[in-house]
Amino acid sequence: MILINLLPHREAARKRQKDQFFTQLGLSALLGGVVCGAVFTWYQGQISAQQDRNAFLQAEITRLDAEIKDIAGLQREIASLRARQTAVEDLQGDRNIPVHLLDELVAQLPDGIYLRSMKQEGQSVLLLGVAQSQERVSDLLRNLANSSPWLARPELIEIISANLVVTPRDPRRVYNFSMRVALKRPAAPGGAPTSPAGAPAAVGKV
């Protein structure tokens with residue numbers, strides 16, 4: 001016996017294929033949503049962790065900035081204290097310089113030279129005097145340059161010849177000179193000098 005199917009089997013097959021397609025499409029969309037949700041959650045966790053790290057780093061930077069300011073303040077205080085200490089040491093070292101200056105001038109002056117005045121100007125001393133000859137002035141320059149532990153770098157500023165009237169019948173030729181010489185600062189109070197001094201000394205005459 002021959003059976004004949006009169007139902008629309010092609011339409012039913014197409015409907016089944018369409019239902020399977022939409023089912024697979026829905027499952028794919030659902031799987032994609034799950035994957036996207038997982039990825040989004042993972043990125044959100046990474047962003048939150050990075051924000052926490054950034055907040056920690058910012059707090060540490062703020063703390064370090066405060067410590068750096070404290071260190072800078074301490075360094076300024078240390079520099080100020082060192083400057084005060086240096087000033088005190090310089091004052092202690094310079095208080096005996098006028099005495100040494102007078103002793104050195106007495107020791108280094110050749111015969112035939114007389115000082116009229118001396119005046120300290122910063123790190124140097126200005127000497128004004130009278131010499132019997134130019135050779136005496138040269139001897140003084142040589143003594144101050146080579147033989148003095150407290151004076152250094154003598155520099156002749158001016159020398160002028162003049163007549164000194166001792167008696168009306170006995171005029172003498174003399175040489176008025178001015179020179180500048182640097183002072184040396186002692187290494188310690190009362191010690192040997194090592195460098196030019198900067199503190200003012202007393203003004204005197206010889």
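**Close-up views of a predicted model**

**View 1. Strands around the largest pocket.** Strands β1 (113-121), β2 (124-131), β3 (151-167) and β4 (170-186) each contribute at least two residues to the lining of the largest pocket, in a model that is predicted. Among these strands, β4 provides the largest share of the lining, namely four residues. The volume of the largest pocket comes to about 200 Å³. Its lining is made up of Tyr-114, Arg-116, Val-130, Ala-131, Gln-132, Ala-162, Asn-163, Leu-164, Arg-172, Arg-173, Val-174 and Asn-176. By residue class, the lining of the largest pocket holds six nonpolar, three polar and three charged residues.

View 2. Three salt bridges are found when the whole structure is searched, and Arg-63 takes part in one with Glu-60, where the closest N and O atoms are 2.5 Å apart. Both of these residues belong to helix α1 (residues 9-94), and they stand three residues apart, about one turn of the helix. Arg-63 also forms a salt bridge with Glu-67, with 2.8 Å between the closest N and O atoms. Because Arg-63 and Glu-67 are four residues apart in helix α1, about one helical turn separates them. Since its relative accessibility is 40%, Arg-63 counts as partly exposed; Glu-60, at 25%, counts as partly exposed, and Glu-67, with a relative accessible area of 35%, is partly exposed as well.

View 3. The side chains of Asp-139 and Arg-142 meet in a salt bridge with an N to O distance of 2.4 Å. These two residues lie three places apart in helix α3 (residues 134-146), so they are separated by about one helical turn. Asp-139 counts as partly exposed because its relative accessibility is 25%, and Arg-142 is partly exposed with a relative accessible area of 45%. Elsewhere, salt bridges with shared partners connect Glu-60, Arg-63 and Glu-67 into one network. As a general point, side chains of opposite charge can pair when their charged atoms come close.

**View 4. The largest nonpolar core, with Leu-127 and Phe-177.** The largest nonpolar core has 18 residues, of which Leu-127 and Phe-177 touch the most other members. At least two residues of this core come from each of α2 (97-108), β1, β2, α3 and β4, and β4 gives the most, with four residues. In soluble globular proteins, nonpolar side chains tend to be buried together.

**View 5. The surroundings of Phe-177.** When neighbours within four places in sequence are left aside, the contacts of Phe-177 are Ile-113, Leu-115, Leu-127, Leu-128, Gly-129, Val-130, Ala-131, Val-137, Leu-140, Leu-156, Glu-158 and Ile-159. Two of these contacts, Val-130 and Ala-131, are also among the residues that line the largest pocket.

**View 6. Ser-124 in strand β2.** Ser-124 is located in strand β2, and its relative accessible area of 12% falls under the 20% limit, so Ser-124 is buried. Not counting residues up to four places away in sequence, Ser-124 touches Lys-119, Arg-180, Val-181 and Ala-182.

Definitions and conventions:
Residues are numbered from 1 along each chain as its sequence is written. This is a predicted model: local features need pLDDT of at least 70, side-chain atom pairs count only at pLDDT 80 or more; totals for chains, interfaces and linings use all residues. Side-chain values use heavy atoms; hydrogens and water are left out. On a 1 Å grid over the protein atoms alone, a cavity is a set of points where a 1.4 Å probe fits but cannot get out, and a pocket is an open set with protein on both sides within 12 Å along at least five of seven lines; lining residues have an atom within 4 Å of a point. Grid points are joined across faces, edges and corners, and a volume is the space filled by probe spheres set on the points. Ala, Val, Leu, Ile, Met, Phe, Trp, Tyr, Cys and Pro count as nonpolar, Asp, Glu, Lys and Arg as charged, and the others, Gly among them, as polar. A salt bridge is a side-chain nitrogen of Lys or Arg within 4 Å of a carboxyl oxygen of Asp or Glu. Buried means under 20% relative accessible area, exposed over 50%, partly exposed in between (1.4 Å probe, protein chains only). A nonpolar core is a set of buried Ala, Val, Leu, Ile, Met, Phe, Trp, Tyr and Cys residues joined through side-chain atoms within 4.5 Å. Contact means heavy atoms within 4.5 Å.
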